[in-house]
Amino acid sequence: MQLASNKPFIFVLLSLVPFLILISTLVMVIVSTTPRALNSSWFSFSSSWNSEEINPLASTPQISSVSASSSSNYTTLPDVHVAEVPHIPPPLGKKQEKWKDKRYSKLEKLETSLARARSSIREAARNGSLISTHEDPDYVPHGPIYRNANAFHRSYLEMEKLFRIYVYEEGEPPIFHNGPCKSIYSTEGRFIHEMEKGSFYRTADPEEALLYFLPFSVVMMVQYLYVPDSHEIHAIENTVIDYINLISHNHPFWNRSLGADHFMLSCHDWGPRTSTSVQYLYNSSIRVLCNANTSEGFNPSKDVSFPEIHLRTGEMSGLIGGLSPSRRSILGFFAGRLHGHIRHLILDQWKDKDKELQVYDQLPDGVSYDSMLKKSRFCLCPSGYEVASPRVVEAIYSECVPVLISDSYVPPFSDVLNWKSFSVQVEVRDIANIKNILMGISQAQYLRMYRRVKQVQRHFVVNATPKRFDVFHMTIHSIWLRRLNILIRD
């Protein structure tokens, strides 16, 4: 009798089972399809690289979701095919199930290899900082120009072994798969051309890639799409939106991570602004930018500072070298037009005011800019209207200690290079005191900085065919570090 009286209750419970299964399935799909980011970077931008700062993926990592709501600077979503709410897919056939299991296992294997790399780098960071303990036939990083030489070298070797980049084939030149190679924006063009050649890091199989490159050139967009004096870039923004629409429709990878494992690259001043046309490109993707201005949204834990190098003729040889320290007769040097408020302050304070600190808006006839760099001890590198300046690399090439004068600028490769060891950083408010600051640097300290500038040159050299540790590989390494900071899950 008691069993019979409980039958209605049992029937109610049984009727709820399909509903409960549906709810649990929805929860599992939502959790499993959300891209993940490690809570804290395993490298630091503010102090030396050490084991306490490295937080690689452990057995049970702390993770947080990357979502569209993380932006406070973007209010509307353009027409990009990104599924914000995951849906339950229809039942798969046996062949589809086999393919899907295979694809998932590939991604899991990739993330497992990254977890091992993080662990290896963390161990290297614990073992020392001033010199690498790893053998290398080309170069062994050492000395105070690095935050942690051993960790950097281990990371670089892991990158060479594991890092594979897929370059989307969609898009036509000259705007896509192309860029300038002899201008102030030459690093943008050189990088795109190297990725197109496919000699380094590129894979033809998107399933084995750790990162995906969006091969558009903002410089070429400005040249072909911008209407002079129109003061609007809607055509450029719409081109980027259409391109993200296209690749997200043709491939599953953008939607899988909401763009977190994708990167764009630009040396044009409008690169950051162009990236705002697509919410996830701005908030989630890796942006490799010359204009690395933190006051304009540059995020050092996600974005990469890209060196601006002016190849006037496209020629890459004969750019390195200068006089010995004993033959450098000029304390400090700058020559440049009135271009932004910082340069205005420098010219107003120092132009034609001092023989030891020589500041010009225009060099006298017969005086060579390059020769002035090569015979100066310190070269002033102020920002213009934007924070980046080719003068930084020009100073390094000329073995002149760079003096960075900027607000909110993140120098290139700050993730591994200790800029304070080979450059002088002057706040804008101290422009009137520049000479005293430079005079306060002892001869012994200057000689140490001079030697370190010569050592760091290799990381900024542009080679016709990239060589290990040069500017191309260092840029790739900075991108690799950002990929190590995220965990992608299907």
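α5 (186-197) and α16 (471-484) each supply at least two residues of the lining of the largest cavity. The helices named here (H or I, at least four residues) and the strands (E, at least two) are DSSP runs, numbered from the N terminus. This is a predicted model, in which local features need pLDDT of at least 70 and side-chain atom pairs count only at pLDDT 80 or more, while totals for chains, interfaces and linings use all residues. Residues are numbered from 1 along each chain as its sequence is written, and side-chain values use heavy atoms, with hydrogens and water left out.

Rolling a probe the size of a water molecule over the atoms shows where empty space is left. A cavity is a set of points, on a 1 Å grid over the protein atoms alone, where a 1.4 Å probe fits but cannot get out; its lining residues have an atom within 4 Å of a point. Grid points are joined across faces, edges and corners, and a volume is the space filled by probe spheres set on the points. By this rule there are four cavities of 30 Å³ or more.

The largest cavity holds about 130 Å³ of space. Its lining is made of 13 residues, and those nearest the centre are R190, F191, V462, V471 and F472. Helix α5 gives the largest share of this lining, four residues. Sorted by class, the lining has seven nonpolar, three polar and three charged residues. Here Ala, Val, Leu, Ile, Met, Phe, Trp, Tyr, Cys and Pro count as nonpolar, Asp, Glu, Lys and Arg as charged, and the others, Gly among them, as polar.

Helix α16 also takes part in the second largest cavity, where β7 (304-305) and α16 each supply at least two lining residues. The space in the second largest cavity is about 50 Å³. It is lined by 13 residues, with S305, F413, S414, D415 and R482 nearest its centre.

The next topic is charge. Side chains of opposite charge can pair when their charged atoms come close. The structure holds 19 salt bridges, each a side-chain nitrogen of Lys or Arg within 4 Å of a carboxyl oxygen of Asp or Glu. In one of them, the side chains of E123 and R126 meet at 3.7 Å, N to O. E123 and R126 are three residues apart in helix α3, so about one helical turn separates them. E123 is partly exposed, with a relative accessible area of 39%, and R126 is partly exposed at 49%. On this scale, buried means under 20% relative accessible area, exposed over 50%, and partly exposed in between (1.4 Å probe, protein chains only).

In helix α4, E158 and K161 also lie three residues apart, about one turn of the helix, and their side chains form a salt bridge at 3.5 Å, N to O. E158 counts as buried at 5% relative accessibility, whereas K161 is exposed at 52%. A further salt bridge joins D261 and R256 (3.5 Å, N to O), and both of these residues are buried. D136, D138, E160 and R468 are linked in a network of salt bridges.

N148 sits in the loop between α3 (94-127) and α4 (149-162). N148 is buried, with a relative accessible area of 1%. Its side chain reaches the backbone nitrogen of N150 at 3.3 Å and the backbone nitrogen of A151 at 2.9 Å.

Technical notes
A polar contact is a pair of N or O atoms within 3.5 Å; within protein, one must be able to donate a hydrogen and the other to accept it, and residues adjacent in sequence count only if both atoms are side-chain atoms. On a 1 Å grid over the protein atoms alone, a cavity is a set of points where a 1.4 Å probe fits but cannot get out, and a pocket is an open set with protein on both sides within 12 Å along at least five of seven lines; lining residues have an atom within 4 Å of a point.
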